[in-house]
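Here are my notes for you to read with the model open. Go through them point by point and find each part on screen as you go.

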Amino acid sequence: MSRSTKGIFRSSSMAKDYIRSRIDREIVREFREEFYPESKLRYLGLPGKELLDVLSWREFIEYVSAIEGSDDEDERQDLELTIMKNKLDNVVDVIYDNIDDILTSDINNHSLKWPYQLVNLDYCGGLINRKEDTTSNRIDSIRGLISKQQDNAFLLFITLNLRDRDDGDMDQRLKEIEDGLYPYSLRNLVDSLEEHRQLGNVGKLKIYLPVFLLNNSPKYKPVFSPPVLYQGTKQMLHFVIKYVPFTGSASGRLIIPKDYVDILNQPLFLLHEGPDLRQYDFPNVDITS
Amino acid sequence: MSTWTKKPVTWTIKDVGASLLDSIAGGLYSKLEVFREYVQNAGDSYTDFQRVTGKSPQNQVQVRVDERNGTLSIMDYGLGMDEVDINTAKKIAVSPKAVRTTEFVGFRGIGIWSGLAACEKLVVITTKYQDPHEYRLTIDCKGIIENISPIPLDEILQDRVIIEERMGQKDDHFTQVTLHHINRSQFSDLLDTEALRRYSERFLPVPFDPSWKDEKEGSYSEAIEKYLEDTPWTANYNLIINNEPVYRKFPDTKNIQFPTKEIITDSGGRTVAIAWVSETRRDNSKKGVITTNDGSVSNFAIRVKNFVIGGRGLYSEEGVSDIQNLKWFVGEIYITDPDIRPDTKRIRFQPSERHDEVIKAIKKFYTSTVCRARALSAQLTVLQKCTSAQTFIDEIKILCAQHTIDDGSKTASLFKVKEITSQLSSVKASIDDALREIAKKDNPDQESETVLAIRRYYRRKDVKQTIEASLGQINTFELQLPELIREAFGDEAKSVLAVSERPKRRSQARTSRLPGKPVNPEAVFKPQNTGVSTPIESSVTKKQVVDLDTAIDAFQAAVASVLGDNSEAYQKIIDRIPEELQRRGINV
């Protein structure tokens, strides 16, 4: 369990600290070396009032657009205090607005400096939260994000609460995947999908999100790191996706069965307390069978 | 009738009306003065830190301007405040600083309330050195201003001034003041980074730019810091606005000379201020005004506790003449007299016992500085004359060298040599005057400050050397000149020499001997009856028409002025005139 935050400024958990400083930081460093060795990176996202990501990756970062959607004055003041105490005055630009509205809007009201090489969507809630008309703000905003990145390489960090009012959307998607791969008679396909389902939203999101991103990024070849399930304020699932620009064809990248199989075969990492990282493997779906 | 008996009078906050806040809200401070107040408080916090801990503070005042969101934050890492301190800070016009030592800059206790009119909400977050608690003071400025009325003060402030506490980090010590939702219509400058920077450069105790140096003479910044190291209340803050440091801005070293230190004393000889002064370097023109197009400054700023009071040249408006000459200088005057304090608006000194004496001393400093300007001007003039002398000598030499061969332009060159020789004489006289001035003994009781200053400037080593060298050169040349001219111009040179050797006297031209008669000016402009039937037309322009007598008179006068009417050459020329006219078909 995370420490009580009552009366205490710090709100992150040990697990999240570990992910940020040991796992993600290394990913950021490698990414920068690969794509932007001569320059520092621009960060967009929901860093929270303590700016923990920004402080942890500070040496790689040139500029931050910090989206703060909360109306809570205390949160806002604490964010300003963090900025000043850490001498980030000319690095961090705070935008008080809803991130989904910003990403879905066609107008750049906040002088955002697209493209951003690091995007952190640390959502407190779920991913889908489907509305009555079956659309989802969050899903739409991620689509908006990808289109605004102008085909430039970037890292996307998404952290999700397992609770999600998806109205059966995830089950539907898993079924579609199963139906689509079934004709190929792949060994362990059914077992793998069954195991994912048994884990509940953890297993379903592990497939759902990457599949969604895969299908909505024709100009990119997303590279998925294995997701991490950890204990924050609640149980959270953390994804890191490296968006590599695809230039192979003018019509965009083709999605093939192997792409789905790779997603299924990815392990799940578990982090319950501190530096105790564990790997959970799923039945290996064999594409050569 | 019975006698009076005193009754006890008690005061409570109910006796003070909320309308008092109107004064604070209604412009006690202008927009940037609000900023200054918070920076000043930040600075005082460092003084507190040093006093309490004995450690050297980091002296950094950090400013964050968030124009989009309309907030301005000022943060210091000084002593900070605990619960008692924050309760004291919220008081209106009651300052513990006023009864503490004179080292504090702020003293009126208005500090925290300075921004009342500038924003909707003022928030102070602070934690004191070695106290694990953080405190937050929130003032609902908008609510207070909207509800100002003749009700007791405590009623209007109730629930609009809140103090809260939480746990913090024990090692932290800071104070952050944030003005939220700044009133853009009247206080837009508080959200303008450039405006804040410019204001800070000119008025606040920010450091000198470490890059302000001359290649040959060295660092101007370091020199001034050295002058001031033993002067009280000259400590600076490292002011950082949006992570960029702010420095005082002064003219480029190529435009001003190395600064010097001056001590300003009153009529009793007591030191009242320390100044540093830098003079213009404009040595190629009489106009020595320091240009300030690049945003730098000229003239003098007066600093009290290192904050600038009023405008540049304060107190020079009366009793100091030629104040425009102060712009030939740039500098600062640091008041060291502890009796001197700024008024509320910090535009002049507050009246006090020593007020008049100190102002008098400052005016005397300005006057002597103006005299320096005059002296500098005289110096520039005489140096220019030395340069001109060299130019004249060179021109004469060139003209003489051109005429080893006899050609038609000899006469014109002779005229030119004569003219330049005359100019050289005039310049020599000025340079000679300067040299005589150098040799004179100073008599401060009888001579004006300007005269003494001029002499002082003439006596500067490089100036004196230039004057002496120039005069020597002229004297040597004058000895050589007759021979030079004779070689170049032959017989005609004699008459030039004769003219140049003769003392100056009135022209001998015929026209100057005519008695003349009074005439109507209008008649003068009518064409004269020369007795010549055919008007003379200029062979060069084909346009001008002049009567023959006038033309001959003018020509004769010109020749006589150059050659002298007793010279052989003159006579020869005059004798040839009729012949030349006849050749041109004119009978005289």
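1. Ground rules. This is a predicted model, so to speak with care: local features need pLDDT of at least 70, side-chain atom pairs count only at pLDDT 80 or more, and totals for chains, interfaces and linings use all residues. Residues are numbered from 1 along each chain as its sequence is written, chains are lettered from A and ligands numbered from 1 in the order in which they are written, and side-chain values use heavy atoms, with hydrogens and water left out.

2. The eight-stranded sheet. Have a look at chain B, where eight strands make an open sheet with mixed pairing, in the order 5-4-3-6-2-1-9-10. Helices (H or I, at least four residues) and strands (E, at least two) are DSSP runs, numbered from the N terminus, and two strands pair if DSSP finds at least two bridges between them. Strand 5 (161-167) and strand 10 (244-245) of chain B each have a single partner strand, so one side of each has no neighbour in the sheet.

3. Strand 3 and strand 4 (residues 133-140) of chain B run antiparallel and are joined by seven bridges. Ile125(B) sits opposite Arg136(B) of strand 4 of chain B. Helix 7 (residues 193-203) of chain B packs on the sheet and touches strand 1 (60-66), strand 2 (71-76), strand 9 (238-241) and strand 10 of chain B. Contact here means heavy atoms within 4.5 Å. The direction of helix 7 makes about 165° with that of strand 9 of chain B. For such angles, axes are lines fitted to C-alpha atoms, for helices over the stretch in contact, and angles run from 0 to 180 degrees between N-to-C directions.

4. The five-stranded sheet. Chain B has another open sheet, ordered 11-12-15-13-14, again with mixed pairing. At its edges stand strand 11 (260-265) and strand 14 (307-309) of chain B; each has a single partner strand, so one side of each is left without a neighbour in the sheet. On average, neighbouring strands are turned by 30° against each other, direction ignored. Strand 13 (residues 299-304) and strand 15 (residues 329-335) of chain B run parallel, with five bridges, and Ile302(B) has Ile333(B) as its bridge partner. Helix 9 (residues 355-401) of chain B packs on this sheet, at about 160° to the direction of strand 15 of chain B.

5. Where the chains meet. How many residues does each chain bring to the contact? Chain B brings 25 residues and chain A brings 20 residues. The buried area is about 2,100 Å², with 40% from carbon and sulfur atoms; this is the accessible area (1.4 Å probe) that two parts lose on being put together, summed over both. Arg64(B), Arg68(B) and Arg166(B) supply 31% of what chain B buries against chain A, more than any other three residues.

6. Cavities. The whole structure has three cavities of 30 Å³ or more. A cavity is a set of points on a 1 Å grid over the protein atoms alone where a 1.4 Å probe fits but cannot get out, and lining residues have an atom within 4 Å of a point. Grid points are joined across faces, edges and corners, and a volume is the space filled by probe spheres set on the points. The largest cavity holds about 60 Å³, and its lining includes Arg202(B), Phe250(B) and Glu332(B).

7. Two backbone details. The peptide bond from Trp114(A) to Pro115(A) is cis, with omega near -5°. Pro115(A) is in the loop between helix 4 (99-104) and strand 4 (118-122) of chain A. Ser185(A) is not a glycine, yet its phi is positive, near 50°.

Methods:
1 Å grid on protein atoms, 1.4 Å probe; cavity = no way out; pocket = protein on both sides within 12 Å on 5 of 7 lines; lining within 4 Å.
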